[in-house]
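Here is a friendly briefing to read alongside the model. Keep the viewer open and follow the topics in order.

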Amino acid sequence: MKVHREGTGFLLLLFTFLFIVNILFYYTINRGLIFYTILCLSVSLFLLVLNFFRSPYRRFPFDSEGLVIAPADGRVVAIEEVSENEYFHDKRLQISIFMSIFNVHANWFPVNGTVKYVSYQKGRYKAAYLPKSSTENERSTIVITTRHGIDVLTRQIAGAMARRIVTYAKENETCHVDEQMGFIKFGSRVDVFLPVGAEVLVELDQSVTGNQTPVARLHKINYDYSSPS
């Protein structure tokens with residue numbers, strides 16, 4: 001486990017701030033209950049933020065051909081047919097994953113292929129689990145074309161606490177499920193839009209792991225899949 005590159009600068013600033021605050025309290029107030037309470041709160045806050053910015057090393061353990069892999073850690077909050085009006089302008093199967101502040105917030109590509117479209121849009125900061133957050137919140141949209149010509153849209157959505165979306169995907173670049181697509185800071189959501197005929201492999205409220213849990217199958221393939229333990 002290592003610290004994600006998106007968090008190193010913030011963690012350094014936070015550590016410096018908390019260190020100065022605790023030094024000031026140490027030398028200006030009675031070194032009793034108040035000081036040790038502040039010290040414990042400071043350590044807890046730093047460890048919470050450090051946990052948020054963790055960056056685990058992951059590789060999908062099976063052949064990912066034909067599968068859509070969870071692009072993020074979290075909980076499945078939506079599986080439904082919707083009208084996708086930014087890119088496709090037609091009906092799509094939407095699978096949404098909500099990330100709490102306790103989840104890893106790195107995002108992975110859900111399929112192998114070529115990045116066809118990348119778009120960033122400013123927006124509001126509603127709670128990420130709400131349906132309207134997909135179209136009203138700050139968001140970044142990435143469309144990937146698989147080698148079979150199937151377009152998969154993935155949308156990074158900022159939540160009530162998130163204030164920055166980072167997207168590494170660039171148009172016309174090849175991508176793989178083991179590569180990170182981006183990062184969202186502090187509470188957020190990732191939507192995946194698939195062809196309506198895709199086979200869903202997850203259920204509502206199911207916990208999924210980014211780059212590890214298959215969430216859908218795009219087409220029939222010639223092998224049996226077993227979920228990783």
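Helix α1 covers residues 8–28, and at 1.5 Å a residue its 21 residues should span 30 Å, which agrees with the 30 Å between its end C-alpha atoms. The expected span here is 1.5 Å times one less than the number of residues in the helix. Helices (H or I, at least four residues) and strands (E, at least two) are DSSP runs, numbered from the N terminus.

This is a predicted model, in which local features need pLDDT of at least 70 and side-chain atom pairs count only at pLDDT 80 or more, while totals for chains, interfaces and linings use all residues. Residues are numbered from 1 along each chain as its sequence is written, and side-chain values use heavy atoms, with hydrogens and water left out.

- The buried residues of α1 are Leu11, Leu14, Leu18 and Asn22; buried means under 20% relative accessible area, exposed over 50%, and partly exposed in between (1.4 Å probe, protein chains only).
- These four residues sit on the same side of α1, because they cover an arc of only 65 degrees around the axis. The arc is taken from the directions from the helix axis to the C-beta atoms.
- On the face of α1 turned away from the buried side, the exposed residues are Leu12, Leu13, Phe17, Leu24, Tyr27 and Thr28.
- Cover for the buried residues of α1 includes β1 (2–3) and α2 (33–52).
- Helix α2 has 20 residues and reaches 29 Å from its first C-alpha to its last, close to the 28 Å expected at 1.5 Å a residue.
- Phe35, Ile38, Ser42, Val49 and Phe52 are buried in α2. They lie on the same side of α2, because their arc around the axis is only 120 degrees.
- The buried residues of α2 pack against α1, β2 (54–55) and β12 (180–184).

- Strand β13 (residues 188–194) is mostly covered, with 7 of its 7 residues buried.
- In a regular strand the side chains alternate between the two faces of the sheet. In β13, Ser188, Val190, Val192 and Leu194 point one way and Arg189, Asp191 and Phe193 the other way, and all are buried.
- Strand β5 (residues 90–99) runs antiparallel to β13 and is joined to β13 by 7 bridges; two strands pair if DSSP finds at least two bridges between them.
- Strand β9 (residues 151–158) also runs antiparallel to β13, with 6 bridges joining the two.
- Which residue of β13 is the bridge partner of Gln94? That partner is Phe193, and Phe193 is also the bridge partner of Leu153.

**Nonpolar cores**

- The largest nonpolar core has 24 residues, and those with the most contacts inside it are Val68, Ile95, Phe109, Leu194, Val215 and Leu218. A nonpolar core is a set of buried Ala, Val, Leu, Ile, Met, Phe, Trp, Tyr and Cys residues joined through side-chain atoms within 4.5 Å.
- Two or more residues of this core come from each of β5, β8 (139–145), β13 and β16 (214–217); β5 gives the most, with 3 residues.
- Apart from this core lies another, of 12 residues, among them Leu18, Phe53, Trp108 and Tyr168.
- Not counting residues up to four places away in sequence, Ile95 touches residues including Val190, Asp191, Val192, Leu194 and Val215; contact means heavy atoms within 4.5 Å.

- An open sheet of 3 strands has the order β3-β16-β14, with antiparallel pairing.
- β3 (67–69) and β14 stand at its edges with a single partner strand each, so one side of each is left without a neighbour in the sheet.
- β14 and β16 pair over 2 bridges, and Glu199 has Arg217 of β16 as its bridge partner.

**Positive phi in two loops**

- Most residues other than glycine have a negative phi.
- His89, in the loop between β4 (74–84) and β5, has a positive phi near 60 degrees. His89 counts as exposed because its relative accessibility is 54%.
- Asp205, in the loop between β14 (199–200) and β15 (207–208), has a positive phi of about 70 degrees. Asp205 counts as exposed because its relative accessibility is 53%.

**The whole chain**

- The protein chain has 3 helices and 16 strands, and buried residues make up 50% of its 229 residues.
- Of the contacts with a separation of 6 or more, 74% are between residues 24 or more positions apart.
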